Structure formats: structure tokens, C-alpha cells
Amino acid sequence: MKKTFAIIALVCSVIGCNLLNSDIDGEKLNVADGTKIYTFKEDGKKVSGTVIFYELDPKTGKKFKRSLREVKDGKRINKGFDYFPSGKIHTELLYDENGLVTGTVKFYSENGQLNETREFKNDKENGVDKLFLENGIQAKERVFENGIKIKE
């Protein structure tokens, strides 16, 4: 099933930058429901490069860079970032060769403090999830297996 996103994307390939003709839609971003694999396309071809998503800040109404993803042959690769309207990093994600979130995902507060780390495998929480207080001390730990919480 294709999902529609009402956001603007900018795709920069190795050769140069292209502004997508319109918002990302079912023709440009296909998200498979079962696997959550994202496929980025432009003019029917899978893209490689950097995809930047923009949103409007609900407080100010100004456009800001919401997220950045590296893409190769239409699949997310390496690291991805989500941002606060201020431009500071909110979330740091890691992707495997299939474009699925795999590894340690880090969540930050707007002041840059690490709030939480979560372990993922194939887009599902799998491993230890740690939550931290503002002073950096670990406050909570949960264990997940294949997306299901098994211990807190």
C-alpha cells in the first residue's frame, strides 16, 4: 500500500541536486506495510542521494528541515536524522542493507541531552531500551524481543 506524505523533499544525487516536482506521494515514496521498507523514486526510477523532508513548525508556521535520509537505489541506508524546528537533532537512526531500522536509535532533548536509546532489528525494538534523566543518569531500562516488551 502506498502512503501519501504532505511534505516537500529535496533529492541531491552525486551528480547534482533535483527538486522533486511535487510533494512526496505514492509515486515518489512507497512504504510496504508488512516490511516497512521505504522505496524513494523520481520519474519512476529509484533514487540515490540525500532526501530531506521539510515540515511547518506549528508554533511559528515556518518551514524547517524535519528529517534527512541517505538513500541508495531507493532504500534508506547508513544514518538518518530527525530534527527539532530549531535545527537540533531529535533522533539518530541506523539502517541495514534492506532500509530497515537496525541498531541503536538515539533520542535527544532540544538542549542536546541524550534522553533515550533503543535497540532495533528489522524495524522492531529488539534489545535494551534505556531512558535517562536530565542529569544523564539512567532512570529506566526495558527489554524488547521482536517488538514485544519482555522486561521492565
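Are Arg-69 and Asp-82 buried or exposed? Both Arg-69 and Asp-82 are buried. The views below come from a predicted model.

**View 1. Arg-69 and Asp-82 form a salt bridge.** Their side chains meet with N and O atoms 2.9 Å apart. Arg-69 sits in strand E7 (residues 63–72), while Asp-82 sits in strand E8 (residues 75–83). The pair therefore ties together parts that are 13 residues apart in sequence. In general, side chains of opposite charge can pair when their charged atoms come close.

**View 2. Asp-129 is a buried residue of strand E12.** Its relative accessible area is 1%, and under 20% counts as buried, which is why Asp-129 is called buried. The side chain of Asp-129 makes a polar contact with the side chain of Arg-142, at 2.4 Å. Asp-129 also touches Glu-116, Thr-117 and Phe-144, among others.

**View 3. Asp-129 forms a salt bridge with Arg-118.** The closest N and O atoms are 3.9 Å apart. Arg-118 lies in strand E11 (residues 114–121) and Asp-129 in strand E12, so this pair ties together parts that are 11 residues apart in sequence. Arg-118 is partly exposed, at 22% relative accessibility.

**View 4. Strands E12 and E13 form a hairpin.** E12 (residues 124–132) and E13 (residues 138–145) run antiparallel, joined by six bridges. Phe-132 stands opposite Gln-138 of E13. Five residues lie between the two strands. In the turn, Gly-136 has a positive phi of about 90 degrees.

**View 5. Strands E13 and E14 form another hairpin.** Three bridges pair E13 with E14 (residues 148–151) in the antiparallel sense. Val-143 has Lys-151 of E14 as its bridge partner. Two residues lie between these strands. Asn-146, in the turn, has a positive phi of about 50 degrees.

**View 6. Lys-149 and Glu-152 meet in a salt bridge.** Their side chains come to 2.8 Å, N to O. Lys-149 counts as partly exposed, at 43% relative accessibility.

**View 7. Two lysines lie over tyrosine rings.** Lys-63 lies over the face of Tyr-54, at 4.8 Å from the ring centre. Lys-65 lies over the face of Tyr-83, at 4.6 Å from the ring centre. How many aromatic pairs does a search of the whole structure find? The search finds one.

Methods:
Residues numbered from 1 in each chain as written. Predicted model: local features only at pLDDT ≥ 70, side-chain atom pairs only at ≥ 80, totals over all residues. Heavy atoms only, no water. Phe/Tyr/Trp six-rings, centres within 6.5 Å; stacked < 30°, edge-to-face > 60°. Lys NZ or Arg CZ within 6 Å of the ring centre and 35° of its normal. Pairing = 2+ DSSP bridges. Helix = DSSP H or I, 4+ residues; strand = E, 2+ residues; numbered from the N terminus. Buried < 20%, exposed > 50% of the residue type's maximum accessible area, 1.4 Å probe, protein only. Polar contact = N/O pair within 3.5 Å; in protein donor to acceptor, adjacent residues only side chain to side chain. Contact = heavy atoms within 4.5 Å. Salt bridge = Lys/Arg side-chain N within 4 Å of Asp/Glu carboxyl O. Lists of a residue's contacts leave out its neighbours within four places in sequence.
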